[in-house]
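Open the model in a viewer and keep the selection panel at hand.

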Amino acid sequence: MNDTEIKLFENGKRIDGRKPDELRKIKIEAGVLHRAEGSCYLEWGGNKVIAAVYGPREAIPRHTQNPLRAIVNARYNMAAFSVDDRKRPGPDRRSREISKVISEALENVILLERFPRASIDVNIEVLDAEAGTRCAGLTAAGVALVDAGIPMKDIPVACAAGKIENQVVLDLGKDEDNYGNADLPIAISPRTGEVLLLQMDGHLTLEEFDQALDLAIKGCHIVSDIQKKAITDKYQSVQGGTTQ
Amino acid sequence: MTITPSIKKEYLVNLAENGKRSDGRKFDEFRKISIETGVISKAEGSARVKIGNTQVISGIKMDIGEPYPDSPESGVMTTAAELIPLASPDFEAGPPREDAIELARVVDRGIRESELIEVDKLCIEPGEKVWMVFIDIHILDFDGNLFDAASLASLAALLTTNVPAERFDLGENYPLPLKEPPISCTSVKYNGVVVMDPSLDEEEIAEARLTVATDINGHLRAMQKGLNGSFSVDEIKKVIKASIDNGRKIQEQLYKSVGK
């Protein structure tokens, strides 16, 4: 947290030229993998994320099975080459925690009672990382679940807001994340507005928190529209006979 | 063998008796290959390779470290492959297992033994500081023939790698010093026929497998036989010939895609 060396905010513009309430560029493509039941490729600023869904299938090991409902296994994983200093392959404490909160967020919207004893496995691979990978990952997972035909109440979507130089802004970029004052990633169910995931670090006043939450929810709705477009695009192209 | 492959086996064997494969290819024909480089901005070099439906990303990271005591003036390279559960319903999370280790080692050997990377040019201070090259292979979609896809992706990534000297205050970035890349071509045998670039269905019923790496002059650089079946000497010679022919074409495509 060092906000003296880099000027993050100047003349109403952020370091990458965005307005305070502007998202980075987002591109979503549904159904990009052959083997997976459902998949999604997502670019969010400099983040590149791919998500794949397998299942519902028998939960293994068997002691993890729930006789009344399905379990959701999200696995967030960063590629060794996705960050500046090579990351050692395999799960660490950070990725385990992110996997857990994403699993829980997804369980909220999936109709789990339909698949007793099953697991729905959601694999999220971060190929290129640049702040906000958990939001990008969860958003991609939402699209991949739809692509896999998993029955859900809603398509979950995530977005973060934060604070840089005492100003609340939407969707922190890399330097803003490193040198900013606070980060607030959330996931919501856009139809009902329920909050499925919420984490915060840094320092926010109550007022700033209200502002940030409001902004993050707005961001979620924008991203949600992009998600839905990606899904309709895939099925429209099938209808038009342009894909095999 | 699980149930599905044994049902498919009959189908594939019947086709093969009429000189056909399930996707209409000739026995010695590769699937469509696509090579895309510079796909990861955080990596020093990267490439996404598709062979049919099989999809692999290879990323190169570089760092400075200590050389091995027995080669104090050589850079260090390591290769790791991850068969992540994203790529197939049969891959599990966790530390790399046998097949991931074999894959990484076969790719590693192809690059190391062909002396593709000029490790003697990667020394900064003899015995103290050398460049370390990390090759990380991520399988994204598994439809057979990971050996060739992983090695081709790694070659394309290495060919586009820039040594990040600026990041360590060692002057300007420069391209990784490389020699000619060897191209690997894999064939498998089932029920007496040998086919090049096996799809997953073919791989699952394969009795024997042979990977041949050839260089630009059509010379052999590395070979690896796998599985418990056998090849006749005649079959091996045929496989080598087909590997040289396919290797040439792939080499051309590789150079074109990296702009050389």
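Select residues 233–257 of chain B: this is helix α5, with 25 residues and 35 Å from its first C-alpha to its last, close to the 36 Å expected (1.5 Å times one less than the number of residues). Helices (H or I, at least four residues) and strands (E, at least two) are DSSP runs numbered from the N terminus. The model is predicted: local features need pLDDT of at least 70 and side-chain atom pairs 80 or more, while totals for chains, interfaces and linings use all residues. Residues are numbered from 1 along each chain as its sequence is written, with chains lettered from A and ligands numbered from 1 in the order written.

Within α5(B), colour the buried residues, among them V239(B), N246(B) and L254(B). Buried means 20 or more other C-beta atoms within 10 Å, exposed 12 or fewer, and partly exposed in between, with C-beta atoms placed from the backbone. The buried residues of α5(B) pack against elements of chain B including α3 (146–159) and β9 (183–190). After the helix comes G259(B), with a positive phi near 70 degrees.

Next, show both chains. 25 residues of chain A contact 28 of chain B (C-beta atoms, placed from the backbone, within 7 Å). On chain A, β7 gives the largest share of that side, five residues.

Now select P56(A), in strand β5 of chain A; the peptide bond from G55(A) to P56(A) is cis, with omega near 5 degrees.

Finish at D197(B), in the loop between β10 and α4 (200–204) of chain B. Its phi is positive, near 50 degrees, and D197(B) is buried, with 26 other C-beta atoms within 10 Å.

Technical notes:
Two residues are in contact if their C-beta atoms, placed from the backbone, lie within 7 Å.
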